[in-house]
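User: Please take me through the terms used for this model, setting each value against its definition.

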Amino acid sequence: MLEKLNVFLQKYIAILTPLSLIVGVFLESIGHHLLFLVSWLLAFMTFSGSLHMKFKDVKIFMKHPVLILSSILFLHLLMPLWAYFLSTVLFDDHLLTVGFVLAVALPTGVTSVIWINICKGNLPLGLSIILIDTLLSPIILPFILYIVSGEKIELELNIDREEHGKKPFSPEKFEKEEWKEIKESTTDPESGYYMKDERTKQFAYSFHAATDEKGFVLGAIVTPGNVHDSHVLQPLVERVIENVQKPLAVAADAAYKTPAITNFLLENQMLPVLPYTRPKTRDGFFRKHEYIYDEHYNCYLCPQGQILKYTTTTKEGYRQYKSNPLICAKCPSLSQCTESKHHQKLIQRHIWESYVEEAEHLRHSYDIKQIYAKRKETIERVFADAKEKHGMRWTTLRGLKKLSMQAMLTFAAMNLKKLATWTWQVA
């Protein structure tokens, strides 16, 4: 029966393929109820096609290693390159290019087995390629996505612009070099110029550490002193996840309350435990929370009830909302709203602002308050002991490599001291 079905499919495949596509498009409202059957059908096709295989067929990789590796290379290097150049010629849209390349780069699947069965090909060889391809896909696909689309913020930013009828930014727009003048030490170029206030200005290094609820250091990263703390949290948490396990919650101070960090934590099912941050508005002016954001209409309402409409999304990821200057010029609260010479109020909202708002809502829950209260007993205690008892307030070493080794040895010693203290205590 299966042989007859294969002969029929092979004979009319040129007609059945476009016909199936047309039927699927027009009968989508009916067909989506049967989607759960797809995985079972594909599993049955693979199983039925593999019944005549023998255990010794597993050694097929040893017989044709060059063929298998060249197939993987063709699928994940040549095909994505071809798709990229073809899509850039056909589409004037970066997101379509990303989608086209990903569609080509997706791992070979059960449909390959179907074609092998229909054409009476070498099924063990095909299954070997599929297995290896599937195992490599968690590494290859994110890499291709990163190469084609760039950072996550860049991809979501362009999606946001397209949803608002704006043309997406090209990759070259994000790669534009920005020149910045910095101070560099002549004796230790790897250090950074650290400025805490007018009195604290020096070349320094920053030690970033993460602890558990008992105060044991789980991971640490050393950076130049001019690297902001918020840039280090994600790699530090990723290091803890890799070496220990994924935390249920991450507590940090106000410097880490950014859209990128809250997005990273919530998207990875980790609770952000962050403190209250005071408004940065100058005295005498309306604060940002006094402008009400309407998510449905995607606009802001000022304290006088006027609408600030969406205008654009910047390459930094901020949506801009502007008021009508003709209305604002006559507003009695203009002096409390803006000092713009054009009488126009501008509010910026990050595309990930909703994650910050969610973190702010979580801050009021009892469990989050209990977790945050432990910060002063854990990570703050670790930094205090490291500075006062282990000489980490100042360093006599130079270079990131030496400072990283010092950090690892110091934190390891602190963990051992804590462990020894616990063993000495009477149960």
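Analyst: Rings of Phe, Tyr and Trp (its six-membered ring) pair if their centres lie within 6.5 Å; planes under 30 degrees apart count as stacked, over 60 as edge-to-face and the rest as tilted. Ring pairs link Y293, Y300, Y310 and Y321 into a cluster. The model is predicted: local features need pLDDT of at least 70 and side-chain atom pairs count only at pLDDT 80 or more, while totals for chains, interfaces and linings use all residues. Residues are numbered from 1 along each chain as its sequence is written, and side-chain values use heavy atoms, with hydrogens and water left out.

User: Why is the pair of Y300 and Y321 called edge-to-face?

Analyst: The ring centres of Y300 and Y321 are 5.1 Å apart and the planes stand at 75 degrees, so the pair is edge-to-face. Y300 belongs to strand β7 (residues 299-301) and Y321 to strand β9, so the contact ties together parts that are 21 residues apart in sequence. Strands here are DSSP runs (E, at least two residues), numbered from the N terminus.

User: What makes the pair of Y293 and Y300 tilted?

Analyst: The planes of Y293 and Y300 are 50 degrees apart, with 5.1 Å from centre to centre.

User: How do you know whether Y300 and Y293 are buried or partly exposed?

Analyst: Buried means under 20% relative accessible area, exposed over 50%, and partly exposed in between (1.4 Å probe, protein chains only). Y300, at 3%, is therefore buried, whereas Y293, at 21%, counts as partly exposed. Y321 is buried as well.

User: What makes R349 a charge over the ring of Y293?

Analyst: NZ of Lys or CZ of Arg must be within 6 Å of the ring centre and within 35 degrees of the ring normal. The charged end of R349 sits over the ring of Y293 at 3.9 Å from its centre. Likewise, the charged end of K418 sits over the ring of F216, 5.9 Å from its centre.

User: Why are β6 and β10 said to stand at the edges?

Analyst: The open sheet has 5 strands in the order β6-β7-β8-β9-β10, with antiparallel pairing. β6 (292-294) and β10 (346-350) each have a single partner strand, so one side of each lacks a neighbour in the sheet.

User: How do you know that β9 and β10 pair?

Analyst: Two strands pair if DSSP finds at least two bridges between them. β9 (residues 318-322) and β10 run antiparallel and are joined by 5 bridges. The bridge partner of Y321 in β10 is I347.

Definitions and conventions: Helices (H or I, at least four residues) and strands (E, at least two) are DSSP runs, numbered from the N terminus.
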